[in-house]
Amino acid sequence: MSTDVMIHADRLSKVFGSYRALDNVSFEVKQGEVVGFLGPNGAGKSTTMRILTCFISPSSGGAKVHGHDVFDDPLEVRRSLGYLPQRAPIYPDMTVWEYLEFVAKMRGLDSSTFRKRMKKIVEVCGLAQSLGKDIGTLSHGYRQRVGLGQALVHDPPILILDEPTSDLDPNEKAELIRYIQDIGKDRTILLSTHNLNEVEQACARAIIVSKGRVVADGALDDIRAKTGRVRYVVIVDEKNALKGSAPKEEEVRALLAKIKGVVKVKEIPTDDRAHGFELAGEQDGDLRGELFRAFVDKGWILLELRRDAQKLEDVFHELTRKDERLTRGKAAEEEEDEDEGDEGEDEDNENDSGDRDRKG
Amino acid sequence: MHTLYIAQRELKSYFTSPLAYVVICLTQLLLGVLFFLYRGGFWQVDRATLDRLFEYAPYGLCLLVIPVITMRLIAEEKSTGTLEMLITLPVNDWEVVLGKYLGALGLVLILVLSTVVYPVAMFIWPWKLGAIDWGPVKAGYLGLGLMSAAGTAIGLLISSVTRSQVIAFFVTFATLFTLVVLLGVGGEFAAKAGVGTVVTFLSFQSHMTNFARGLIDTRSVVYFLSITVFSLMIAFRALESRKWK
């Protein structure tokens with residue numbers, strides 16, 4: 001393990017009764033990385049974060065944060081990180097200032113350091129107006145800001161944020177993401193969120209978990225390529241054509257479906273002057289030429305044609321869909337042709353969840 | 001230090017909510033009625049003594065004050081999730097338990113000490129109702145203090161095994177009711193079965209009577225202190241058990 005690994009999770013498993021919340025989760029986060037931690041609800045994101053912050057212990061496996069073992073040295077682990085739990089639970093009977101002061105004292109900051117840090121925190125979290133207010137009277141968004149403030153009070157090298165943007169309005173979200181990009185330059189951040197746009201903005205890397213297993217881990221571009229597909233966007237003029245009549249929606253769809261290499265055709269919303277479609281094709285091919293030729297043959301006017309990496313959202317859906325279907329009580333019978341993308345990660349872990357009692 | 005910060009925060013939070021004021025006022029009122037009016041009250045006894053205070057205070061403390069004060073200690077933090085914030089600060093679990101305990105005990109002791117106004121007002125200033133023997137008064141307060149320590153620890157323990165404040169209140173109430181009332185009464189019946197000494201020894205009330213007489217019995221001190229330590233240790237284990245569930 002090289003020294004710049006800040007978070008190292010090693011085959012973490014967690015069993016609650018008969019429910020396996022985590023199943024052999026391993027990953028590493030290096031210094032200066034901002035990693036998006038993604039997954040549907042109940043996938044094990046919060047459980048992982050709670051293990052990393054030593055709030056709960058894994059049933060088996062281990063983890064190191066900043067080089068400290070979560071079993072042997074929980075206090076050092078907690079000292080080196082700032083943690084914002086989901087929904088930012090904070091004492092409602094304290095004022096914002098009192099609470100942050102309490103946290104600072106608990107973290108061993110003297111009062112002059114605390115005041116110095118507070119200037120920065122007030123600015124970053126936008127707390128200037130609410131320092132004297134009771135936390136109980138604040139909106140969720142503001143409470144979230146206070147929660148972020150307390151995670152930053154001691155200027156930690158590692159931040160673990162569990163859905164930090166969930167209660168924020170769009171402006172606040174954008175502000176927070178900008179801030180995360182900013183501090184992420186010299187800090188390590190593990191960030192869980194449902195909002196994939198935020199990950200695309202703030203993170204260079206993502207880990208996707210589903211049903212307690214890591215189903216994807218890597219640079220965003222690699223993850224996008226994970227399905228082995230690329231995405232094409234085609235927009236056709238609906239009112240005019242160079243020859244013949246203007247195309248109807250079904251005609252375009254039929255044409256697209258016939259082109260070799262097109263895997264999936266999906267209509268996307270456009271204004272009433274154009275038809276828009278999204279296609280999926282193989283990663284290593286390029287269908288743009290053929291698409292263009294097909295439209296020219298028909299005499300239809302192509303307003304837009306572009307080839308993208310697949311959106312993170314699509315990959316996310318694809319990787320977590322099967323599990324989601326099981327949750328909803330439907331058998332995973334259709335669409336079995338798509339890869340699940342979790343090969344190699346979990347072949348030999350069927351029965352090793354025996355509670356390893358390493359009391360800390 | 002962590003322990004003190006937590007205790008401080010805890011104690012302060014009682015005073016930012018109406019809870020502390022309500023509890024203090026109500027108990028003072030109740031105690032006043034019991035002391036001066038109930039069954040002829042203090043005047044009927046016709047002696048310069050605080051016996052009655054030490055006789056009734058345990059009921060008020062154990063059946064009202066301690067259950068109300070301790071019910072929220074950990075149960076509330078569990079149900080609102082603030083426990084996660086607290087514990088993921090660099091603190092040991094035992095510091096959390098001890099801090100919370102000291103905060104709650106602080107309030108109980110403030111309440112106990114507020115009754116010092118009785119002996120002071122009646123026997124020193126402004127009234128001088130007679131020469132009081134201060135020995136039993138001091139011993140009595142020591143007894144009340146030790147009993148509060150034990151009762152609060154029991155309350156904390158029960159609050160640490162549930163998420164519901166209501167359940168914590170009733171279970172604490174029932175436990176302390178058993179220790180204060182049932183075992184006292186039960187002692188007489190148990191005497192017939194030959195286990196009277198055991199049952200009486202387990203009752204809070206029997207120890208309090210000694211203290212109120214001015215008798216500081218080591219057994220009583222050890223009794224209350226062992227309940228305290230034992231309960232705190234279990235509370236610590238209960239808090240720690242979240243990790244393994």
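Trainee: In what order do the 4 strands of the open sheet in chain A come?
Mentor: In this predicted model, the order is β12-β13-β11-β14 in chain A, with antiparallel pairing. Strands here are DSSP runs of E with at least two residues, helices are runs of H or I with at least four, and both are numbered from the N terminus; two strands pair if DSSP finds at least two bridges between them.

Trainee: And which strands stand at the edges?
Mentor: β12 (262-268) and β14 (300-309) of chain A do, and each has a single partner strand, so one side of each is left without a neighbour in the sheet. From one strand to the next, the twist averages 20°.

Trainee: How many bridges join β11 to β14 in chain A?
Mentor: There are 8 bridges between β11 (residues 229-241) of chain A and β14(A), which run antiparallel, and A:Ile235 stands opposite A:Glu304 in β14(A).

Trainee: Which helix lies across those two strands?
Mentor: That is α10 (residues 288-298) of chain A, which runs at about 170° to β14(A), where axes are lines fitted to C-alpha atoms, for helices over the stretch in contact, and angles run from 0 to 180 degrees between N-to-C directions.

Trainee: Switching topic, is α5(A) mostly covered or uncovered?
Mentor: Mostly covered, since 11 of its 13 residues are buried, among them A:Tyr142, A:Gly147 and A:Leu152. A residue is buried if 20 or more other C-beta atoms lie within 10 Å of its own, exposed if 12 or fewer, and partly exposed in between, with C-beta atoms placed from the backbone.

Trainee: What do the buried residues of α5(A) pack against?
Mentor: They pack against β6 (81-84), α3 (96-106), α4 (111-125) and β7 (158-162) of chain A; two residues are in contact if their C-beta atoms, placed from the backbone, lie within 7 Å.

Trainee: How many residues does each chain bring to the contact between A and B?
Mentor: Chain A brings 20 residues and chain B brings 21 residues. On the side of chain A that touches chain B, α3(A) gives the most, with 4 residues.

Trainee: What about the numbering and confidence rules?
Mentor: Residues are numbered from 1 along each chain as its sequence is written, while chains are lettered from A and ligands numbered from 1 in the order in which they are written. Because this is a predicted model, local features need pLDDT of at least 70 and side-chain atom pairs count only at pLDDT 80 or more, whereas totals for chains, interfaces and linings use all residues.
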